[in-house]
Amino acid sequence: MLASLRAALEETAAAAAEAFAAEEAAVEASAEEALEEIRREENALFEVAVVEADEGLAARRRATGKRRNAAPLSIDDAKARRWDAIFVLGGGAPLGPRTQPSFVASRCAAAASVWAASSFPKPKILCLSAGTAHCPPLVDARGSVIFEATASAAECVDRGVAASDVFVETTSFDTIGNAFFARTDHCDLAGWKKLLVITSEFHAARTEAIFDWIFGASPKRGYELGYLDTPDDGLAPEEVAARAEREAKSAENVRTKLAPTYSTLKAVREFLMCKHDLYSANGLVVRALRAAADGDDDALLASYGAAKKKAPPRAPIFVAALCFGALAGRLLRR
């Protein structure tokens, strides 16, 4: 009798466990389906926004004469072409480990949309930038830096891009570095030739000038570049205006001075490592010993993702340690 009772209890428990597992699987499937639907809706909404903005962006480019080449691609043009890799440029300090400012999130959404529309083999997505020189980096709970490229990669994966197709470049701190390390650390080695470069409309002219320069430098590798501009979402008019003059001067400097002077990849490397403040040893030491800035334009800093000046600094502890170590070394040499 006890044996039959035990068997009945075991059978009941097994049936209950099976029912629970089936219910749990159904809940998970339902949740995944709901998440996928949200992703599809987000991508659809983005595509509508970009398509509506494309004509205006192209018209403004032609009217202002800011571009040297043809008008940027539309989202439909970008989807219709085959790419080896898609570059998502960094835009400033991320808001969180998986969250970028709206104007950078738009770049990630565009990359995910083009990737989703591509046939196999899918293009790789390369998220660029370690950080920006214009404001302190975001750090995690342990004080480690969260790279711009990390947050962009998360944005792409969260939009349905396969994680195996997403890569990061975490050496650069400006657009020239974006292009140089994208080419030398990735494209020259991986064999990516057909490249789609995605950035915001306000940043597009300078980006094109820099990427044309770096990817056209000798030795020639036969790179084919296309450019897709995304809306300046989340940036106030004064923030875009604050960047306009700086962007225009920099683009002109690239075209008339830097590109003609440093026409080989070796020469570009010498320029970065010996003369550029963000990559040369001396330039980095000098920057590490700077005093706090008081005269910076709030609107300009905001366009790089900087918090208001009254907010507590977000720089990691190791930056302070670096400054202290350099200062101590100077005192000891006296």
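This is a predicted model: local features need pLDDT of at least 70, side-chain atom pairs count only at pLDDT 80 or more; totals for chains, interfaces and linings use all residues.
**View 1. The packing of helix α5 against helix α6.** Two packed helices are described by the angle between their axes and by the distance between those axes. Here helix α5, residues 175-190, and helix α6, residues 204-216, pack at an angle of about 35 degrees, and their axes lie 9 Å apart. The crossing in which α5 passes α6 is right-handed. On the α5 side, the residues in contact are Thr-175, Ile-176, Asn-178, Ala-179, Phe-180, Ala-182, Arg-183 and Cys-187, and they meet Arg-206, Thr-207, Ile-210, Phe-211, Trp-213, Ile-214 and Phe-215 of α6.

**View 2. The salt bridge between Lys-124 and Asp-165.** Lys-124 forms a salt bridge with Asp-165, and the closest N and O atoms of the pair are 2.8 Å apart. This pair links distant parts of the chain, since Lys-124 belongs to strand β2 (residues 124-128) while Asp-165 sits in the loop between α4 (148-158) and β3 (166-169), 41 residues apart. Lys-124 is partly exposed, with a relative accessible area of 25%, but Asp-165 is buried, with a relative accessible area of 9%.

**View 3. The salt bridge between Lys-249 and Glu-245 in helix α7.** The side chains of Lys-249 and Glu-245 meet in a salt bridge, with 3.1 Å from N to O. Because these residues are four apart in helix α7 (residues 237-261), they are separated by about one helical turn. Lys-249 counts as exposed at 54% relative accessibility, and Glu-245 is also exposed, with a relative accessible area of 52%.

**View 4. A network of salt bridges, and the protein as a whole.** Arg-206, Arg-243 and Glu-247 are linked in a network of salt bridges, and a search of the whole structure finds nine salt bridges. The protein has eleven helices and five strands, and 41% of its 334 residues count as buried. Its accessible surface comes to about 17,800 Å², of which 59% belongs to carbon and sulfur atoms.

Terms used
Residues are numbered from 1 along each chain as its sequence is written. Side-chain values use heavy atoms; hydrogens and water are left out. Axes are lines fitted to C-alpha atoms, for helices over the stretch in contact, and angles run from 0 to 180 degrees between N-to-C directions. Helices (H or I, at least four residues) and strands (E, at least two) are DSSP runs, numbered from the N terminus. A crossing is left-handed if the near helix is turned anticlockwise from the far one by less than a right angle, and right-handed if clockwise. Contact means heavy atoms within 4.5 Å. Buried means under 20% relative accessible area, exposed over 50%, partly exposed in between (1.4 Å probe, protein chains only). Accessible areas come from the Shrake-Rupley method with a 1.4 Å probe; for residues, only the protein chains shown count as cover. A salt bridge is a side-chain nitrogen of Lys or Arg within 4 Å of a carboxyl oxygen of Asp or Glu.
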